[in-house]
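Hello,

Here is the structure I promised to pass on to you. Have a look at it first, and then read my notes below.

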Amino acid sequence: PLPCCRRRRRRPRPRMIEQRATRGRCAVADRRLPAGSPVPRFSGLPYACCPLPSQRERVCGRCFAQAPAAPGCLLRCSKCRWARYCSRECQAGDWQRHKRECRTLASKGGELLRLDDAPVADLLLLGRCAWRRHDASSPDDEDAAFDALETSRPTESDRALARFATTLPGLLPPSCDAGDATRLLSQFRVNNFGVTNELLSVVGAGCYPPAALLNHSCAPNAVLYYEGSRLEVRTCRDVDAGEELCHSYVELCQPTARRAAQLRERYGFECACVRCSGGLRSRAGEDVDAAMEAPHPSLGEANGAAAAARLERAAAGLRR
């Protein structure tokens, strides 16, 4: 062919997942991303999700749409009387996932309601993820991403919850024993996300393997937000090509020592970002950490500590 008719070969796009010596597996920008840019490679619908038990009458069990203020406006599963949906379409679309847990909720729903939100959400998410992976006769990219979730050392709480899960009828596939359930729950602890509404209140739990590839930084260049159950990653400042994409696993509006303790206890690592290595200081050089730790004069020392504890508990509810 004539030179002018030859097709130009496209240069391959840089990979967005790399292995780096000091950071391990990480997500990187494949091109320059201005502030506010979406990052579709790490965004999308969940591998599995479920509303928190305390929110199941307020949000749709599939799309997480907020229910109107009027009580009883969501459609309820007639079998288990637990799951609720905003439309017949969502109810039908969720049946493939819900039918496995329906038997469990019909027989044990009252017992589960007496537990805290977090363990019940973990149990339901465990069942949904395990059944989806079990039913995948030809694993696709989403299944491969789920299989590649970062591992974590199981805790005694993981083992106890896994043993309880094996006693719930129909919650887990026959091939999933207590050991498998323990492994998955330990992975959930460091990989799963708390799904938030527009007021940033946690309304559900979700497994999003692509977004779980983003490492932590207390000086993040990306943020997560949700449209219903869909997670979107966006940059919060300009990001250069090849720069690692990071978001914060913990609430940033707290002192350095408190952030470090939460990361150490939950995720098992020490953050070495610029905010942690140098502490928080204002532009004038003032010690912001010390100011944040000091009780408010109007509260007194005891009330100030109580208020700080309440804020810490609220922040702890926001999972990664």
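The side chain of D238 meets that of R32 in a salt bridge (3.1 Å, N to O); the term stands for a side-chain nitrogen of Lys or Arg within 4 Å of a carboxyl oxygen of Asp or Glu. R32 is partly exposed as well, with a relative accessible area of 49%.

Before going on, please keep in mind that this is a predicted model, in which local features need pLDDT of at least 70 and side-chain atom pairs count only at pLDDT 80 or more, while totals for chains, interfaces and linings use all residues. Residues are numbered from 1 along each chain as its sequence is written, and side-chain values use heavy atoms, with hydrogens and water left out.

How many salt bridges does a search of the whole structure find? The count is 19. Another of them joins E244 and R23 (2.9 Å, N to O). E244 is in the loop between β10 (230-235) and β11 (246-247), and R23 is in the loop between β1 (17-20) and β2 (24-27), so this pair ties together parts 221 residues apart in sequence. E244 is buried, at 11% relative accessibility, whereas R23 is partly exposed, at 35%.

E101 and R128 also form a salt bridge (2.9 Å, N to O). It ties helix α1 (residues 88-113), which holds E101, to helix α2, which holds R128; helices here are DSSP runs of H or I with at least four residues, and strands are runs of E with at least two, numbered from the N terminus. E101 is buried at 7% relative accessibility, and R128 is buried at 7%. Together with D94, these two residues make up a network of salt bridges.

Now for the nonpolar cores, meaning sets of buried Ala, Val, Leu, Ile, Met, Phe, Trp, Tyr and Cys residues joined through side-chain atoms within 4.5 Å. The largest has 61 residues, and F42, L126 and F146 are among those with the most contacts inside it. Helix α2 (residues 117-135) gives the largest share of this core, 8 residues. A second, separate core has 9 residues, including V190 and Y249.

Best wishes

Methods: Buried means under 20% relative accessible area, exposed over 50%, partly exposed in between (1.4 Å probe, protein chains only).
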